[in-house]
Structure formats: structure tokens, C-alpha cells
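Dear colleague,

Please find below the structure that I am handing over to you. I would be grateful if you could look through it alongside the notes that follow.

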Amino acid sequence: MRIGELSRRTGLSTRMLRYYEQEGLIHPRRGANGYRDYTDDVARAKLIRDLVTSGVPTRLVSIVLEQRVDREVVWTSKCDRDFAARLVDEIEDLDGRIACLTRSREALDELLRLTLTQVGSREASA
């Protein structure tokens with residue numbers, strides 16, 4: 001199966017699939033003609049898509065994929081404290097970004113309130 005067919009089956013762009021390959025997340029075989037064969041990558045590409053869509057960064061997707069046994073959703077003993085620490089770090093990073101965005105939103109709300117008050121004052125005096 002060529003990359004275009006994999007793209008159709010997974011809903012991922014060929015560019016994204018090439019990125020996943022570059023990151024070592026999918027591993028197409030090479031045919032005798034030198035073309036990549038993605039036949040064995042359909043389920044894996046869909047899982048990667050689902051993980052990324054769920055918010056798992058690609059830098060952690062490879063770790064998640066390594067924890068699985070034979071494409072089953074069974075975690076191995078490799079899921080250790082180191083991986084848990086990485087997840088904690090990721091959650092803390094997200095919490096920090098959420099807090100920053102919340103402050104930005106509050107500042108914009110205040111600016112909007114002041115602007116609307118100013119517009120209302122001008123209209124009332126006109």
C-alpha cells in the first residue's frame with residue numbers, strides 16, 4: 001500500500017504521515033522497487049492519529065506505542081515511574097499554559113469592558 005492509500009484509509013494527510021515516519025512512529029517496508037509499503041501501518045497510523053487528536057504530544061506517542069503489546073491495548077511492565085514523571089511534566093506544562101491563557105482572556109475582557117464603557121460615554125454625550 002502506498003502513502004496515498006494510507007492517507008485515504010486513515011484520514012491523515014500524506015505530509016503528516018511522512019512526519020510520523022520521520023519521527024519513527026511508523027515504519028513502512030521498502031519494496032524491491034524502492035517504494036515504501038505502508039500495508040502494516042494502517043492500525044498504527046490510526047492509533048497515532050487518535051492519540052495526537054486526544055492531546056498526546058508526538059514526543060510522547062512513541063513511548064505510549066512502546067508500552068503496548070502486539071497492538072493490543074495492554075500495558076507492559078515498561079510503563080514505569082519515568083514515563084509517569086513525563087506525563088506529570090506534560091500536565092504541569094498544560095496547566096501553566098491554561099493559566100497564562102486565562103490571564104490573557106481576563107485582560108482582554110477588561111479591555112473590552114473599558115472600551116465599551118468609553119464608547120457608551122461618547123454616545124451619551126453626543
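This is a predicted model: local features need pLDDT of at least 70, side-chain atom pairs count only at pLDDT 80 or more; totals for chains, interfaces and linings use all residues.

Overall make-up

The chain contains five helices and two strands. Following the sequence, these elements come in the pattern α-α-β-β-α-α-α. Of its 126 residues, 21% count as buried. As for contacts between residues at least 6 apart in sequence, 38% of them join residues at least 24 apart.

Helices α1 and α2

Helix α1 spans residues 3-10 and helix α2 spans residues 14-22. Their axes come within 9 Å and cross at roughly 105°. This angle falls in the range of 65 to 115 degrees, and α1 and α2 are therefore roughly perpendicular to each other. On the α1 side, the contact is made by I3, G4, L6, S7 and T10; on the α2 side, T14, L17 and R18 meet them. By class, this contact of α1 with α2 comprises three nonpolar, four polar and one charged residues.

Salt bridges

The structure holds ten salt bridges. I describe some of them here.

R29 is paired with D37, and their closest N and O atoms lie 2.9 Å apart. R29 has a relative accessibility of 44% and so counts as partly exposed.

R49 forms a salt bridge with D50, with 3.1 Å between the closest N and O atoms. Both partners are partly exposed: R49 has a relative accessibility of 25%, and D50 has a relative accessible area of 39%.

A further salt bridge joins the side chains of D93 and R97, at 3.0 Å from N to O. Both residues belong to helix α5, which covers residues 81-125. They are four residues apart, which is about one turn of the helix. D93 is partly exposed, with a relative accessible area of 36%, and R97 is likewise partly exposed, at 43%.

Finally, E5, R8 and R9 are linked to one another in a network of salt bridges.

I would welcome your comments on any of these points.

With kind regards

Notes
Residues are numbered from 1 along each chain as its sequence is written. Side-chain values use heavy atoms; hydrogens and water are left out. Axes are lines fitted to C-alpha atoms, for helices over the stretch in contact, and angles run from 0 to 180 degrees between N-to-C directions. Angles under 35 degrees count as roughly parallel, over 145 as roughly antiparallel, 65 to 115 as roughly perpendicular and the rest as oblique. Contact means heavy atoms within 4.5 Å. Ala, Val, Leu, Ile, Met, Phe, Trp, Tyr, Cys and Pro count as nonpolar, Asp, Glu, Lys and Arg as charged, and the others, Gly among them, as polar. A salt bridge is a side-chain nitrogen of Lys or Arg within 4 Å of a carboxyl oxygen of Asp or Glu. Buried means under 20% relative accessible area, exposed over 50%, partly exposed in between (1.4 Å probe, protein chains only).
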